[in-house]
Amino acid sequence: MTRRNAEPVFPYEPGYPPTWRGKFARMVPHERALLLWWLDNSPRPPDLLWYDVGMDGIPDDRPTPPGAELTRDPAMARMWQHQTAKRADAIARAGDLYRIIELRAGANAQTLGELLTYDALSRAEWPQLDWAPALLVCHQVDLAHAMAITAAGHEIIVAPLIDPITGRPFPLLDLQIPH
């Protein structure tokens with residue numbers, strides 16, 4: 001989706017194809033393994049991806065505005081800068097639909113908070129874009145957090161444990177406990 005002057009509405013355009021396998025900015029090995037597993041196993045892979053996305057809508061190579069134009073209260077301006085300095089693990093686009101992707105080994109209350117924050121910031125920063133529910137790709141999530149995340153309208157995919165070196169799932173252990 002672009003404006004009439006051909007400047008992209010989403011400032012990080014054009015993004016990466018889902019087959020790209022370069023260095024993921026500030027992504028730790030287990031997050032990278034989760035992302036690659038999701039890309040390789042998604043029934044509907046995205047058209048484009050962005051990694052380590054600043055939720056302020058300003059790409060890293062552009063100067064960040066001070067936030068003073070938002071309010072005359074310096075405390076509110078600092079709060080806005082702090083909140084919009086958040087970085088989503090990834091944003092995926094399929095057709096005209098954008099989606100926040102959060103990658104976690106284990107989901108907890110912080111994960112729920114991040115999903116809610118990223119969802120609200122993305123919709124506020126880019127209201128002209130169509131947003132799908134955020135997607136959590138993780139290795140484990142307990143029932144209470146899974147219920148809270150899905151009640152908030154977000155989706156969860158639980159991936160097998162993945163070796164961050166090979167990118168392949170660890171073999172399942174058949175633990176035989178003697179009687």
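Analyst: Let us begin with Ser 122, which is buried, as its relative accessible area is 0%. Buried means under 20% relative accessible area, exposed means over 50%, and partly exposed lies in between, with a 1.4 Å probe and only protein chains taken into account. Please note that this is a predicted model, in which local features need pLDDT of at least 70 and side-chain atom pairs count only at pLDDT 80 or more, while totals for chains, interfaces and linings use all residues. Residues are numbered from 1 along each chain as its sequence is written, and side-chain values use heavy atoms, with hydrogens and water left out.

User: Where does Ser 122 lie, and which residues is Ser 122 in contact with, leaving aside its neighbours within four places in sequence?

Analyst: Helices (H or I, at least four residues) and strands (E, at least two) are DSSP runs, numbered from the N terminus. Ser 122 belongs to helix α3. Contact means heavy atoms within 4.5 Å. Once neighbours within four places in sequence are set aside, Ser 122 is in contact with Met 55, Ile 100 and Trp 131.

User: Is Leu 112 buried or exposed, and which residues does Leu 112 touch?

Analyst: Leu 112 is also found in helix α3, which spans residues 109-125. Leu 112 counts as buried because its relative accessibility is 18%. Not counting residues up to four places away in sequence, Leu 112 touches Ala 148, Ile 149 and Ala 152. The C-alpha atoms of Leu 112 and His 154 are separated by 9.3 Å, although these residues are 42 residues apart along the chain.

User: How many helices and strands does the chain have?

Analyst: The chain has four helices and six strands. Read from the N terminus on, the elements run α-β-α-β-β-α-β-β-α-β. Buried residues account for 40% of the 179 residues in the chain. Among contacts between residues at least 6 apart in sequence, 66% join residues at least 24 apart.

User: How is the pairing of strands read, and in which sense do β2 and β3 run?

Analyst: Two strands pair if DSSP finds at least two bridges between them. β2 and β3 run antiparallel and are joined by five bridges; in one of these, Arg 93 has Tyr 98 in β3 as its bridge partner. The two strands form a hairpin with two residues between them, and Gly 95 in the turn has a positive phi of about 65 degrees.

User: Which other strands pair with β3?

Analyst: β3 and β4 run parallel and are joined by two bridges, and the partner of Leu 97 in β4 is Asp 130. β3 also pairs with β5 in the parallel sense, over six bridges, with Gln 140 in β5 as the bridge partner of Gly 106. β3 is mostly covered, as eight of its 11 residues are buried.

User: How is a pair of aromatic rings described, and how many aromatic pairs are found in the whole structure?

Analyst: A pair of aromatic rings is described by the distance of the centres and the angle of the planes. Rings of Phe, Tyr and Trp (its six-membered ring) pair if their centres lie within 6.5 Å; planes under 30 degrees apart count as stacked, over 60 as edge-to-face and the rest as tilted. A search of the whole structure finds six aromatic pairs. One of them, formed by Tyr 16 and Tyr 51, is tilted, at 5.4 Å centre to centre with 45 degrees between the planes. Tyr 16 lies in the segment before α1 (29-41) and Tyr 51 in strand β1 (residues 48-54), so this pair ties together parts that are 35 residues apart in sequence. Tyr 16 counts as partly exposed at 35% relative accessibility, whereas Tyr 51 counts as buried at 9%.

Tyr 98 and Trp 131 form another tilted pair, at 5.6 Å centre to centre with 45 degrees between the planes. Ring pairs link Trp 50, Tyr 98, Trp 126 and Trp 131 into a cluster.

User: Which residues touch the most other members of the largest nonpolar core?

Analyst: A nonpolar core is a set of buried Ala, Val, Leu, Ile, Met, Phe, Trp, Tyr and Cys residues joined through side-chain atoms within 4.5 Å. In the largest nonpolar core, of 23 residues, Phe 10, Trp 50, Ile 91, Ile 100 and Trp 131 touch the most other members. α3 gives the most to this core, with four residues. Apart from this core lies another, of 19 residues, including Leu 34, Leu 35, Leu 39 and Tyr 51.
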